[in-house]
Amino acid sequence: MVEVQTWTTRRGSNPRLETDQVVDIPATPTSEVRNYSSLSGHFLSPNLITALIIASWYLSNIGVLLLNKYLLSFYGYRYPIFLTMLHMLSCAAYSFIAIHGLQLVPFQQILSRRQFFKIAALSVIFCFSVVCGNTSLRYIPVSFNQAIGATTPFFTAVFAFLITCKKESAQVYLALVPVVFGIVVASNSEPLFHLFGFLVCIGSTAGRALKSVVQGLLLTSEAEKLHSMNLLLYMAPLAAMILLPFTLYIEGNVAAFTFKKAREGPFIVFLLLGNATVAYLVNLTNFLVTKHTSALTLQVLGNAKAAVAAVVSVLIFRNPVTVMGMAGFAVTIMGVVLYSEAKKRSRVAAH
């Protein structure tokens, strides 16, 4: 929004003007604003731009899940740690281009060693969560993975209480009951249930919740707060360095397997590069959706995304589902919606 400059006439300076009249003089827009407005007006309306961004958010979020599942389960690329490291390297490179090249957001520097160690701690939790999530896709269907992931609010409430002693209202805790109940029903009815895949997916979900709580706890001061794009710029290379020794020790033959596939044809190269690019687009579209709508809209889209991703994955991979499993998933999603509404009401009541 361009601020409006106002000019109040001096008493008696012009008899034709009333003494309390205010003349609004809009500030002259910069060339960048004029060019952007001109392009938007001629080609894309704001509503269409927002719709395209939301569509891109859905495509990138669901696309990275499907690509990971295809690589890890169907293509035979059983290296989730290396795949996660590749995602981190991609996020580091693209974040550098977005911030320093395209200047999508202002660059923020790390101001102290203390702030660096806080970011490093977040990177460790980030690594754990993403590696567990990718590993789970080797063993369980995307639909079940998304059902488990929908329980993130439950773990967030638990960690917020354990770490910060923050208590929620009774309505918020009650809303978590269907979240947990639904996933219990879905787990008991999952035809392709795998205990290890289930446990690492629970670990991924818990890690995601822990990161959000710890991030709010560590980066509290205004001087230490980082924009999400800058935080990714610092966390991604740290996460890649953390993952490197693990992939060398646990997945030592990943290089030989990748080169073997590359000699057979370039498909694996395009598949890995495309997968890594889409992984970054998830973070970029998160930022763009929040910028063009709101954080609440992103939360609502996230609730719907789990259901959409589950349906799309069933249609593509043809994994069997049961009525009870779908009912359990639906109950969990409904619980998440109730939880979001209860949180919103409790914030309004607090203010």
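The protein has 13 helices and two strands. The model is predicted. Of its 351 residues, 44% are buried. The protein exposes about 19,600 Å². Among contacts with a separation of 6 or more, 83% join residues 24 or more positions apart.

The largest nonpolar core holds 44 residues. Within this core, Leu-71, Tyr-77, Ile-119 and Leu-243 touch the most other members. Two or more residues come from each of α2 (46-74), α3, α4, α9, α10 (254-264), α11 (267-292) and α12 (295-317). Helix α2 gives the most, with nine residues. Another core lies apart from the largest one and has 15 residues. Its members include Phe-144, Ala-147, Val-179 and Ala-186.

Helix α5 spans residues 142-149. Eight of its eight residues are buried, so the helix is largely enclosed by the rest of the structure. The buried residues of α5 are Val-142, Ser-143, Phe-144, Asn-145, Gln-146, Ala-147, Ile-148 and Gly-149. Phe-144 and Ala-147 are also among the residues of the 15-residue core.

Asn-230 lies in helix α9, which covers residues 228-250. Asn-230 counts as buried because its relative accessibility is 0%, against a cut-off of under 20%. Its side chain reaches the backbone nitrogen of Gln-108 at 2.9 Å. Neighbours within four places in sequence were again left aside. On that basis, Asn-230 is in contact with Ile-99, Val-105, Pro-106, Phe-107 and Gln-108.

Pro-106, one of these contacts of Asn-230, lies in the loop between α3 (80-101) and α4 (113-136). Pro-106 is exposed, because its relative accessible area is 64% and the cut-off for exposed is over 50%. Asn-230, by contrast, is buried. Pro-106 and Met-229 are 123 residues apart in sequence. In space, their C-alpha atoms are 9.4 Å apart.

Aromatic side chains were considered next. The count comes to 16 aromatic pairs. One of them joins Phe-154 and Phe-155. This pair is edge-to-face, with 5.3 Å centre to centre and 75° between the planes. The geometry counts as edge-to-face because the planes are over 60 degrees apart. Phe-154 counts as partly exposed, at 28% relative accessibility. Phe-155 counts as buried, at 15%. The two residues fall into separate classes because the cut-off for buried is under 20%.

Tyr-77, Tyr-79, Phe-82 and Phe-257 form one aromatic cluster. Tyr-77 is also among the residues that touch the most other members of the largest nonpolar core.

Lysine side chains also meet aromatic rings. The charged end of Lys-211 sits over the ring of Phe-126, 5.7 Å from its centre. Lys-261 lies over the face of Tyr-75, at 5.0 Å from the ring centre.

Note on methods:
Residues numbered from 1 in each chain as written. Predicted model: local features only at pLDDT ≥ 70, side-chain atom pairs only at ≥ 80, totals over all residues. Heavy atoms only, no water. Phe/Tyr/Trp six-rings, centres within 6.5 Å; stacked < 30°, edge-to-face > 60°. Buried < 20%, exposed > 50% of the residue type's maximum accessible area, 1.4 Å probe, protein only. Lys NZ or Arg CZ within 6 Å of the ring centre and 35° of its normal. Helix = DSSP H or I, 4+ residues; strand = E, 2+ residues; numbered from the N terminus. Contact = heavy atoms within 4.5 Å. Areas by Shrake-Rupley, 256 points an atom, 1.4 Å probe, with all protein chains shown as cover. Polar contact = N/O pair within 3.5 Å; in protein donor to acceptor, adjacent residues only side chain to side chain. Core = buried A, V, L, I, M, F, W, Y, C linked by side-chain atoms within 4.5 Å.
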